[in-house]
Amino acid sequence: MADHHTHVQDFFTARAADWDTRFPDDAPAYAAAVEALGLKPGDAVLDAGCGTGRALPALRNAVGPHGTILGADLTPAMLQAAVRAGRDRSGRLLLADVARLPLRNASLDAVFGAGLISHLSQPGPDLAELARVVRPGGQLALFHPIGRAALAARHGRRITDDDLRAEPNLRPLLARSGWRLDAYTDEDARFLALAVRAY
């Protein structure tokens with residue numbers, strides 16, 4: 001676990017300074033994914049693995065001035081980049097591991113996770129921890145601004161059958177973790193899985 005955390009922190013620390021400039025055109029995709037969550041004014045939402053906080057402005061727009069936005073990330077350099085970009089004005093940033101969140105049970109209405117699942121050390125328990133902090137009927141969005149095939153091609157790989165984000169793998173993984181997969185989109189321009197806190 002500690003080795004995994006160190007690896008994740010090293011990976012993102014090395015990329016934090018120019019992360020946003022590498023993906024400058026993703027804002028509309030983030031906004032569309034947030035819109036798909038169907039958040040209401042006043043809702044409380046966590047951006048899990050928030051990175052440089054690219055989802056935070058869209059989340060703030062969705063929940064309004066009285067909603068609660070938290071952005072949690074394991075890597076200090078990514079949170080520092082979020083502050084430099086002014087995104088801390090949209091929500092409260094937490095240096096925290098999504099596997100052990102400093103939040104009460106059922107305290108949130110939704111969780112947004114962009115590019116999150118491939119960086120979880122223990123996907124089942126980690127998704128269950130996200131379920132713990134969301135009220136029954138609350139929502140989870142697992143998002144990436146490009147689909148699985150396009151992402152694999154970007155990294156010079158092919159999609160494999162054991163990809164956690166493949167629907168036949170993701171649906172039972174979510175179910176075991178307290179979520180019910182309600183909608184699944186995997187196309188070149190977007191990956192988005194929407195799940196509901198089942199119990």
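**A walk around the sheet**

Let's start with helix α6, which lies across β1, β4, β5, β6 and β7 and runs at about 130° to β5. (Angles run from 0 to 180 degrees between N-to-C directions, with axes as lines fitted to C-alpha atoms, for helices over the stretch in contact.) Helices (H or I, at least four residues) and strands (E, at least two) are DSSP runs, numbered from the N terminus. This is a predicted model, where local features need pLDDT of at least 70, side-chain atom pairs count only at pLDDT 80 or more, and totals for chains, interfaces and linings use all residues. Residues are numbered from 1 along each chain as its sequence is written, and side-chain values use heavy atoms, leaving out hydrogens and water.

Now for the sheet itself. It is open, with 7 strands in the order β3-β2-β1-β4-β5-β7-β6 and mixed pairing; two strands pair if DSSP finds at least two bridges between them. β3 and β6 stand at the edges with a single partner strand each, so one side of each has no neighbour in the sheet. β5 and β7 pair in the antiparallel sense over 6 bridges, and Ala141 stands opposite Leu194 in β7.

Next, look at helix α4 (residues 56–63). Its buried residues (under 20% relative accessible area, 1.4 Å probe, protein chains only) are Leu56, Ala58, Leu59 and Val63. Down the axis of α4 they fall within an arc of 160°, judged by directions from the helix axis to the C-beta atoms, so they line one face of the helix. They pack against α3 (27–36), β1, β2, β3 (92–95) and β4, with contact meaning heavy atoms within 4.5 Å. Just after α4, Gly64 takes a positive phi of about 75°.

Methods:
Buried means under 20% relative accessible area, exposed over 50%, partly exposed in between (1.4 Å probe, protein chains only).
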